[in-house]
Amino acid sequence: MTKIAKQSLIKLDFFTLLNSLANYATLPVTKDLIAKFCPLDSLDAINLELSKTDEALRIIIRKNQAPIYISCDYDKLLNLLRKDATLDALELYETVRLYQTIKANIKFASELKKDQIIAPYYQNLISNLIPNDLVEKTLVKALDENGNVLDDASLLLKSTRKKIIQLELNLKNKLQEIISKEASKLSQTSVVLRDNHYCLAVKSEYKNQIKGIVYDTSASMQTAFIEPLIISQMMSDKNKLLEIEKNEVYRILKELSKTLSLEVEALQSNFDIIKELDFIFAKAMLAKSYNGTKPSINDQGQLDLVKARHPLLKVKKVIPNNISFGDGYLGIIVTGPNTGGKTVLLKTVGLLCLMVKYGLLIPASENSNVMIFDQILCDIGD
């Protein structure tokens with residue numbers, strides 16, 4: 001596979017174009033792939049990539065972009081599952097987003113057929129996706145999109161959380177009861193939090209009359225912050241329940257991670273397809289931004305660009321150019337005054353020839369015919 005000289009890529013603004021392409025990608029892995037993009041040499045391989053992108057562009061114009069709801073580095077999560085790691089709730093929920101993406105694309109493919117939009121490559125990709133309603137329902141029952149483990153994840157978790165809520169209510173009521181009863185002994189009638197302990201602000205002269213633990217005193221030594229003994233006992237009960245909750249949450253996450261580890265190969269296959277979709281539709285969205293088309297390609301030294309435009313020009317009206325050589329002569333000398341557009345023309349020819357080698361549609365008429373060059377060398381400037 002030919003490697004184009006970096007200096008030529010810079011001179012022809014190819015990296016600027018790649019940055020634009022990366023902005024249309026959803027997945028971090030797709031953005032990384034675009035940054036490491038390599039040119040193609042085989043006519044068949046280039047034709048295939050151009051056809052995929054052209055098909056995706058027609059889908060976008062007629063319908064919409066293929067839906068992708070997952071946006072994380074899912075390969076990393078799959079590698080953790082292969083090592084029997086326990087994922088956290090947010091990481092586990094990414095598999096729900098993967099399944100949502102799968103179902104949405106299956107539905108989208110069905111709509112394309114119904115609307116008689118011919119998309120054989122997309123339809124073939126979607127036919128290889130593997131939904132799993134059982135695993136998806138298990139995850140949705142246990143987790144929410146914010147990374148919380150839901151009460152319904154297990155009977156023990158549900159009952160424990162109910163006990164915690166009831167105990168917190170009892171704590172609040174007991175504190176209010178004590179405050180009402182001992183109001184005359186307090187310097188303020190509200191609960192004070194000290195080191196995660198619910199304390200009462202007791203006047204120093206009464207601190208021995210309230211059974212409890214002193215956690216702090218005021219700077220003036222006139223107030224002692226005391227957690228009543230009954231509250232300490234209730235807090236101890238709450239902490240035990242919190243520990244049970246914590247252990248049960250971990251058990252649930254571990255069990256869900258184990259479930260996904262058994263599905264890891266199917267999940268990997270699914271994600272590989274979603275990655276390809278993301279890449280193809282990113283190229284199609286880029287092409288849509290400059291009205292790109294699929295040219296003919298050849299290896300016979302013929303270049304025929306019809307109504308070619310530079311894809312990065314930010315002007316209201318772009319004057320297209322026709323460029324043709326290879327039929328009877330091998331090159332062109334471009335002359336003209338300063339600011340006459342010579343450099344833009346040179347960059348347009350070089351960049352469009354580069355784009356085709358990378359499987360990108362070009363801003364030119366579909367009647368264009370582009371030679372697949374082994375190398376594209378560029379030296380612009382004084």
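These legends accompany close-up views of a predicted model. Local features need pLDDT of at least 70 and side-chain atom pairs count only at pLDDT 80 or more, while totals for chains, interfaces and linings use all residues. Residues are numbered from 1 along each chain as its sequence is written, and side-chain values use heavy atoms, with hydrogens and water left out.

**View 1. D151 and R161 form a salt bridge.** The closest N and O atoms are 2.8 Å apart; a salt bridge here is a side-chain nitrogen of Lys or Arg within 4 Å of a carboxyl oxygen of Asp or Glu. D151 sits in the loop between α8 (133-142) and α9 (155-181) and R161 in helix α9, so the pair ties together parts that are ten residues apart in sequence. Helices are DSSP runs of H or I, at least four residues, and strands are runs of E, at least two, numbered from the N terminus. D151 is partly exposed at 35% relative accessible area, whereas R161 is buried at 17% (buried is under 20%, exposed over 50%, partly exposed in between, with a 1.4 Å probe and protein chains only).

**View 2. R251 meets E248 in a salt bridge.** Here the N to O distance is 2.8 Å. The two residues are three apart in helix α10 (residues 229-261), about one helical turn. R251 is partly exposed at 37% relative accessibility, and E248 is buried at 6%.

**View 3. D272 pairs with K275 in helix α11 (residues 264-289).** Their closest N and O atoms are 3.1 Å apart in this salt bridge. D272 is partly exposed, with 36% relative accessibility.

**View 4. E49, K52, E276 and K283 are linked in a network of salt bridges.** The structure holds 21 salt bridges.
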